[in-house]
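The stops below go from one selection to the next.

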Amino acid sequence: MYILSIVSIWIIPLLIGFILIYSVMKKTPAYESFVDGGKEGIKIAVSIIPFLVGMLVAITVFRASGALDFFVHLLRPVLDFLGVPSEIVPLALIRPISGNAALGIMSDILKVHGPDTFIGKLASTIQGSTDTTLYVLTVYFGAVGIKKMGDALKVGLLADLVGISAAIIIITWMFG
Amino acid sequence: MVNYIWIGMTLIGLVFAAINGKMKDVNEAIFQSANEAVTLCIGLISILVFWLGIMRIAQDSGLLDKFSRLFRPIIKRLFPEVPENHPAMGYILSNIIANMFGLGNAATPLGIKAMEQLKELNGGRPVASRSMITFLALNTSGLTLIPTTVIAIRMNYHSASPTEIVGPTLLATTIATIAAILIDRYYYYKRTRNGVK
């Protein structure tokens with residue numbers, strides 16, 4: 001647990017330092033590369049605006065109308081038994097389906113509960129530790145024309161389940 | 001699928017609002033949340049520009065390539081069907097490395113290239129081969145070293161420690177990846193036992 005928090009603080013600065021030193025050793029124009037790559041970042045940020053607007057509006061409507069409370073109430077006995085906070089359910093369900101939609105739900109959770117709460121940390125970890133199975137499957141197989149995907153979807157979704165469970169267990173263990 | 005979820009959430013929400021008499025709240029919420037979404041994306045620009053800039057330095061200086069070579073022995077074991085010097089190997093490796101550093105957009109074209117090569121190795125048939133399923137399993141379990149976007153959003157909501165979740169994320173992603181490989185292997189042996197390849 002202690003080691004994990006040390007890693008959390010040190011890994012990024014160390015990595016940046018290492019990348020810069022390596023670039024100096026190789027005598028590559030680091031600043032030009034940085035600016036080039038950075039332009040890509042602006043493109044990405046702008047291109048996810050429609051996804052976030054769409055999803056956040058839908059989620060807010062769902063929440064403000066009282067619909068979310070109603071469904072969470074139905075699920076509560078099962079979740080309480082498992083020790084899972086019910087607020088995390090929408091994120092866990094959408095994460096394998098759409099990365100951008102999950103991003104919208106995660107930021108909504110951080111806004112409502114705060115990023116440093118148990119639920120906030122849990123949502124951040126779930127978002128960071130699995131990828132969008134359906135997207136990867138559609139894009140990769142679609143692009144090269146694979147029609148029979150075999151066990152790929154099953155394997156991907158089961159791995160998602162493990163990843164989300166692992167996130168819940170780890171966060172409960174570290175911060176619960 | 002996302003389409004149905006999105007429409008479903010909105011329509012169910014509208015129906016509930018009508019029943020609960022919360023139409024006024026919903027009305028306000030729509031415009032406020034749209035506004036918040038845009039603000040959020042603008043806030044993401046800073047960290048995305050910074051991180052993708054740093055990663056481009058790593059790419060241009062050859063560090064990413066070097067890193068790929070480090071992982072070659074492991075990848076060789078995961079994809080026993082792929083010949084060692086086949087181009088597929090290079091694409092698979094660079095895709096995985098790009099994913100680890102949170103370069104989603106850079107990872108996608110590399111992943112598609114890898115798939116193309118794997119399809120060729122499989123005789124060009126439109127059927128997923130063993131290696132393709134393994135490759136997808138690795139991708140969907142989302143190996144991440146730095147969850148850039150998550151950190152950015154945490155900063156946006158004034159987290160006291162935005163990077164606090166890097167350690168737990170690393171641990172969870174490692175477990176998910178190991179599980180993905182094991183599940184993939186399990187289904188592979190199940191397939192071969194049944195005589196389907």
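## Annotated spans of chain A

Start with chain A and select residues 7-24, 44-62 and 155-175, which an unreviewed UniProt entry lists under "transmembrane region". The model on screen is a predicted one.

Zoom in on residues 44-62 of chain A: the span is 95% helix and 0% strand, and its end C-alpha atoms lie 27 Å apart. Move on to residues 155-175 of chain A, where the chain is 100% helix and 0% strand. The end C-alpha atoms of this span are 30 Å apart.

## Chain A as a whole

What does its secondary structure come to? Chain A has 9 helices and 0 strands, so that the order of elements from the N terminus reads α-α-α-α-α-α-α-α-α. Along its principal axes, the C-alpha trace of chain A spans about 60 × 45 × 35 Å.

Colour chain A by accessibility. Of its 176 residues, 51% are buried. Among contacts in chain A with a separation of 6 or more, 66% are between residues 24 or more positions apart.

Next, select Lys27(A), in the loop between α1 (2-26) and α2 (30-47) of chain A. Its phi is near 55°, a positive value in a residue other than glycine. Most residues other than glycine have a negative phi. Is Lys27(A) buried or exposed? With a relative accessible area of 75%, Lys27(A) is exposed.

## Between the chains

Bring chain B back and select the residues of each chain that touch the other. The selection holds 96 residues of chain A in contact with 97 residues of chain B. Together the two chains bury about 8,100 Å², and 79% of this area is on carbon and sulfur atoms. Which three residues supply more of the area that chain A buries against chain B than any other three? They are Ile19(A), Phe34(A) and Tyr140(A), with 8% of that area.

Stay with both chains and pick out one helix pair. Two packed helices are described by the angle between their axes and the distance between the axes. Select helix α3 (residues 49-64) of chain A and helix α2 (residues 23-60) of chain B: they pack at an angle of about 145°, with axes 8 Å apart. The crossing of α3(A) and α2(B) is right-handed.

## Annotated spans of chain B

Select residues 6-23, 35-58, 88-112, 133-153 and 165-183 of chain B, which carry the UniProt annotation "transmembrane region" in an unreviewed entry. Two of these spans can be checked in turn.

Residues 6-23 of chain B are 89% helix and 0% strand, and the end C-alpha atoms of the span are 19 Å apart. Residues 35-58 of chain B are 100% helix and 0% strand, with end C-alpha atoms 36 Å apart.

Gly21(B) is the next stop, in the loop between α1 (2-20) and α2 of chain B. At 61% relative accessibility, Gly21(B) counts as exposed. Draw a C-alpha to C-alpha distance from Gly21(B) to Arg193(B): the two are 172 residues apart in sequence and 59 Å apart in space.

Select Ser131(B) in helix α6 (residues 130-140) of chain B. Ser131(B) is buried, with a relative accessible area of 4%. Which residues is Ser131(B) in contact with, leaving aside its neighbours within four places in sequence? They are Phe79(B), Glu81(B), Val82(B) and Leu118(B).

Continue to α7(B), where the buried residues include Thr148(B), Val150(B), Ile151(B), Ala152(B), Ile153(B) and Arg154(B).

His158(B) is exposed because its relative accessibility is 69%, and the cut-off for exposed is over 50%.

Notes:
Residues numbered from 1 in each chain as written. Chains lettered and ligands numbered in written order. Predicted model: local features only at pLDDT ≥ 70, side-chain atom pairs only at ≥ 80, totals over all residues. Heavy atoms only, no water. UniProt positions renumbered as here; feature names shortened; annotations may be inferred. Helix = DSSP H or I, 4+ residues; strand = E, 2+ residues; numbered from the N terminus. Axes fitted to C-alpha atoms, helices over the stretch in contact; angles between N-to-C directions. Left-handed = near helix turned anticlockwise from the far one by under 90°. Buried < 20%, exposed > 50% of the residue type's maximum accessible area, 1.4 Å probe, protein only. Contact = heavy atoms within 4.5 Å. Buried area = accessible area lost by both parts, 1.4 Å probe.
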